[in-house]
Amino acid sequence: MSNFSVSRTGVKNILVGFLMMISGFILMMGGGSDSPDVFNDAMFSPMRTVVAPIVILLGITVIIIAIMKKPGDKQQKGNQ
């Protein structure tokens, strides 16, 4: 496993980040009306306009940190 640039925990963190992003997009879905003549205030709910984008940005941050972290960081600190 030492030949890979991302460790096993890094891959798990990448998957967690993707799940966070997917859940953010799911939070943004829905709230529309069946008829285009009827206005629905649900599209401006705080869940869709504030919480969902924050969850997506947190997922992207987790993915970036998981990719950028060196696989041997924890082991090198313990040996010194």
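This is a predicted model: local features need pLDDT of at least 70, side-chain atom pairs count only at pLDDT 80 or more; totals for chains, interfaces and linings use all residues.
Local features require pLDDT of at least 70 and side-chain atom pairs count only at pLDDT 80 or more, whereas totals for chains, interfaces and linings use all residues. Residues are numbered from 1 along each chain as its sequence is written, and side-chain values use heavy atoms, with hydrogens and water left out.

The chain contains three helices and zero strands, arranged along the sequence as α-α-α; helices (H or I, at least four residues) and strands (E, at least two) are DSSP runs numbered from the N terminus. Of its 80 residues, 18% are buried, where buried denotes under 20% relative accessible area, exposed over 50%, and partly exposed in between (1.4 Å probe, protein chains only). Among contacts (heavy atoms within 4.5 Å) between residues at least 6 apart in sequence, 68% join residues at least 24 apart.

Leu27, Met47, Val50, Val51, Ile54 and Leu58 form a nonpolar surface patch of about 470 Å². Patch residues have over 30% relative accessible area and no salt bridge, like charges being joined within 9 Å and nonpolar side chains (Val, Leu, Ile, Met, Phe, Trp, Tyr) within 5 Å; a salt bridge places a side-chain nitrogen of Lys or Arg within 4 Å of a carboxyl oxygen of Asp or Glu. Helix α2 (residues 46-68) supplies the largest share of the patch, five residues. Val51 belongs to helix α2 and is classed as partly exposed because its relative accessibility is 36%.

Ser33 is located in the loop between α1 (8-28) and α2. With a relative accessible area of 33%, Ser33 is partly exposed. Leaving aside residues up to four places away in sequence, Ser33 touches Val38 and Asn40.

How values were computed: Accessible areas come from the Shrake-Rupley method with a 1.4 Å probe; for residues, only the protein chains shown count as cover.
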